[in-house]
Amino acid sequence: MPALWRSTFVLVMVLLAISRPSLASEATGNGTEHTITTLPIVIWKWEEIHFPYLVALWVLVSWLCKLVFQLNPCLTRVIPESGLLICIGWVLGGIIYGADKVQTFRLQPFTFFFYLLPQIVLDAGYSMPNKLFFGNLGAILVYAVIGTCWNAATLGLALWGCWLGGAMGNIDTGLLQLLLFGSLIAAVDPVAVIAVFEEVHVNEVLYILVFGESLLNDGVTVVLFNVFDAFVSLGGAQIDAVEIIKGIISFFVVAVGGSLVGVVFALLISLLTRCTKNIQIIEPGFIFVLGYLSYLTAEMLSLSAILSCTFCGVCCQKYINANMDERSVSTVRSTMKVFANGSETIIFVFLGISAIDPSIWVWNTAFILLTLLFIFVFRFIGVFLLTWILNQYRLVPLDFIDQLVMGYGGLRGAVAYGLVLLLDENKYKEKKLMISTTLIVVYFTVMLQGITMKPLVTWLKVKRAAVSERTLAEKIQNRTFDHMLVAIEDISGQIGDNYMRDKWNNFEEKWLYWLLMTPIARKSCDPIFNIFHKLNIKDATSYVKEGERRGSLAFVRNENKADVDFNKKFGCIDFMTRSSKDENIFFLRDSVPSVCLDMHEQDLKMRESEDFDAHHLLQQHLYKGRKQHRHRYSRKQLEVNKDEHEVQEIFQRTMRSRLESFKSAKMGVAPPKKISKHLKKDQPQKMPNGKSTDNSKSHAYGDEDFEFSEGDSASGYEAAGGSFPMRAYRGAGIVNPAFMAEMDTMDPMPPMQQIPSWLAETEVDSSNMVPSQRAQLRLPWTPSNLRRLAPLCLSTHSNDSFLLADSPATQEGISELPPPPPPQDGQGQGTHK
Amino acid sequence: MHIVIKLFGVPLSCPITNSMNIWFSCFLFIIVTPAHIVRLYDRFEALDKEKTGHLRPQDFGAINRLAMNPIGDRIIGAFFSPGQETVDFHSFVRILAHFRPADKKHPKDPSMPEPVNSRTSKLKFAFQLYDQDKDGKISRAELLQVLRSMLEMQVTEEQLESIADRTIQEADLDNDDAISFEEFRKSLEKVNIDHKMSIRFLR
């Protein structure tokens, strides 16, 4: 609670600051009018900056409101955020009205349609689950187009009937005006719907239906609005069959044309991202600018801007995500969310503020209540009717409860309000009544239906979204299912959905990938491979986390044991993360070992007799001091703080340390790893140089960290115990996770042990057969170990319980191994004690 | 020589040699409705170029698009029970019946044997596509074969192998380095099989 009060106080202060413009403008007015007599030291320049200043302040205020709510989770659990934002909008509006006696701030249609809406639509399109969307596109279109027309027509007609019957008293309107009103208020609002449905996690089919419908029917409703607006302007007498047919044609042209504009822009974006590799910094910017342009272009051509922006987002997501750098993708994602969420917040706050203005309120009980009733009833009827028709054709019919939730989820929102403000007061005498009715409808649906939605979903036991962890098995199986269905359709001679999907996939793979994707992206775009890659990364991060936690904790208690264990895991994982992070490395892997072999042998002779005292150690491992390369600033590049000399130095050092590891491996002498701290500290610094070295040999990158740590070798192989064989193996620069697994299990194999790892590696490479066999031999246990660790790492916060939970898993892993040969006897226990 | 059999108001025209099959299939109408049988019978005849009343693997191979399907030959194989060279209409329908969406309106009669479109039998069908040697387990090599055919050129052999290993580790509960049917079922517990293994026209 104190948090709430504090924030409220801040809000009030900000508001007071805002509501002072009258004073401020007077002051500046005085200042500028008079010719100056002396040099002013500071001037009050409110007048010049007040517009951007107010905008920025309002954005800040709205976002602060959101912050306030998130501090009170018990509040947001009951009332959806959108409702709360509207409430605080009322409060703010009240304060402003109290201060100024007029409502200074209102949501302007232009601001709404051109500055607030586009990013929401673009974000919705961009983060749309593609497969689900296109899989249900038919149903979504039926709901969006026919459903919206149904809602508009029935509401208009029913209101007209009541008006004719005299239920509303004396208001100046007509059939066309009421139809127009019906069409503007017909559309389910994506902003409101997403805000509510994101909090109740309904199953994915239901979600995509409601979400897709709300997104597309905005486009439809704007089109309908324009058509009816034109009809009203023409006047009832002018409208004949030709005009109506024209209206219908324009409806389809506007909707389809808008979508096409969106698709064209999606193609453009995808093509652009193909060649933005060298300007990675503004790469994400293109998405936003072009997305916005698609909106504006469609608007310019008087096509449906919302549809255009939606389809732009939906169509381009796959290709740009594949084309762009991973970093840019996450930038786009998060920025998109910032914009969308931000403007959503602003919209709701202003929906609240706009209401506190007596000048817009006209009360007509019958009109308002009837509208509310009709909207509610016809929405349900429409949903039931359309679902019944759709269920005749759907593979998985929607059940009754789903339909209820769909009907109940018909929240109206800001689009309706924006549209109603666009009305021309000269043509529509009852504009104010329409505005107040729209506001009431919005409040009613967002607040009441929004609040009751969650209990309803729980009460009806709607199928919730299954929280499924994507696994490789599932992904592979999904793919098999696809192929299977296509094959069965072929055999039974039917042309069905699967047939069409298969056709499309072939077309996409053949042409679109070629046209829209960079060659590298094309290679790695396979979903099975992708999920494999992601799982690896996930494992790696959890592994590192676990290693850090474990290492740091155990380090304090018992130096020796912890060291061994931690080092082992850490080094291993480090390796893995990097290799899997960069696909290029994956693919370049084949060209690895030959180069470094030569270097090794040369260096070997040169530095045979060298010993490792502390001096040398420092000299080798501390970077040379260099001025002014750490904190350079560049607008063009992300990684500026790397120095070419340093890269050189690091490279040389890597080579040197590789030589050492080679030497030690050959002599049967392995340095123990002691400096676990080094590992951690040096990692970030060294990241940059990876890029430069991996051109020549991708693996130089991978092994430098642990090489580094083993530089100070002193004790022999026996002393090193279990950690040795694996490390030596790592030195060979294997980058494939397939080999990763072998590292741990390397030791039980006596013949391999004696061979320096890279030699083994080259043999393997020349024959090209051995790795697979080796992989077959003993892959299973290490990664399974990995998998088991992952959940543990997530779930445990207390370290003690973590260690407890973990130890059985490790032991288990060990026990699966074949019993190690005698010389290595001690190692199993040594490592995992 | 054709006879016309009227079955639940649906006239079925079929050669006498196959009438027994048709009748037999009609006992299966719980899993496939008469209308489907008519359609499938037309298809069966179209595939059966030599009019023997039996389909051979070559007949399936003649379907163009099936040849492009990476697991097409496995699907074809699934139609032929072990040791048999041909498939008659009855088995043909029985196999396709796997792909009928589960009927939610009529809850299963416990006294009846499990229908072929139940979740378990659907999964069994999917499972045996992998398990080519019919030992009840998907071995690493078998999985690798499927992966190889599905991932084509994009991925190198070693990556394939590590994917296969990883998949087996995910599913493998008893650490025998292979996926048994139980494990297979477990690994797909969250997947809505009825969605994924159903075809609309068989509804």
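Does Trp58(A) count as buried or exposed, and at what relative accessibility?

Tutor: Trp58(A) counts as buried, at 6% relative accessibility, where buried means under 20% relative accessible area, exposed means over 50%, and partly exposed lies in between (1.4 Å probe, protein chains only). The model is predicted, so local features need pLDDT of at least 70 and side-chain atom pairs count only at pLDDT 80 or more, while totals for chains, interfaces and linings use all residues. Residues are numbered from 1 along each chain as written, chains are lettered from A and ligands numbered from 1 in the order of writing, and side-chain values use heavy atoms, without hydrogens and water.

Rings of Phe, Tyr and Trp (its six-membered ring) pair if their centres lie within 6.5 Å, and planes under 30 degrees apart count as stacked, over 60 as edge-to-face and the rest as tilted. Over all chains, the structure holds 26 aromatic pairs. One of them joins Trp46(A) and Tyr53(A) edge-to-face, with 5.5 Å from centre to centre and 80 degrees between the planes; here Trp46(A) is buried at 9% relative accessibility, whereas Tyr53(A) is partly exposed at 43%. Trp58(A) itself forms an edge-to-face pair with Phe105(A), at 5.1 Å centre to centre and 70 degrees between the planes. This pair links distant parts of the chain, 47 residues apart, for Trp58(A) lies in helix H3 (residues 46–70) of chain A and Phe105(A) in the loop between helix H5 (81–100) and helix H6 (109–126). Helices (H or I, at least four residues) and strands (E, at least two) are DSSP runs numbered from the N terminus. Phe105(A) is also buried, because its relative accessible area is 14%. Elsewhere in chain A, Phe376(A), Phe380(A), Phe384(A), Phe400(A) and Tyr408(A) form one aromatic cluster.

From rings we can turn to charges. Side chains of opposite charge can pair when their charged atoms come close. A salt bridge is a side-chain nitrogen of Lys or Arg within 4 Å of a carboxyl oxygen of Asp or Glu, and the structure holds eleven of them over all chains. In one, the side chains of Arg379(A) and Glu213(A) meet at 3.0 Å, N to O, linking helix H16 (residues 365–391) with helix H11 (residues 204–234) of chain A across 166 residues. Arg379(A) is buried with a relative accessible area of 4%, and Glu213(A) likewise counts as buried at 4%.

A further salt bridge in chain A joins Lys318(A) to Glu508(A), with the closest N and O atoms 3.3 Å apart. These partners are 190 residues apart, Lys318(A) being in helix H14 (residues 305–323) and Glu508(A) in helix H21 of chain A. Lys318(A) counts as partly exposed at 35% relative accessibility, whereas Glu508(A) is buried at 6%.

Helix H21 (residues 497–516) also supplies five residues, the largest share, of a nonpolar patch. That surface patch of about 640 Å² is made by Leu271(A), Trp504(A), Phe507(A), Trp511(A), Trp514(A) and Leu515(A). Patches take residues with over 30% relative accessible area and no salt bridge, joining like charges within 9 Å and nonpolar side chains (Val, Leu, Ile, Met, Phe, Trp, Tyr) within 5 Å, with areas from the Shrake-Rupley method and a 1.4 Å probe, only the protein chains shown counting as cover for residues.
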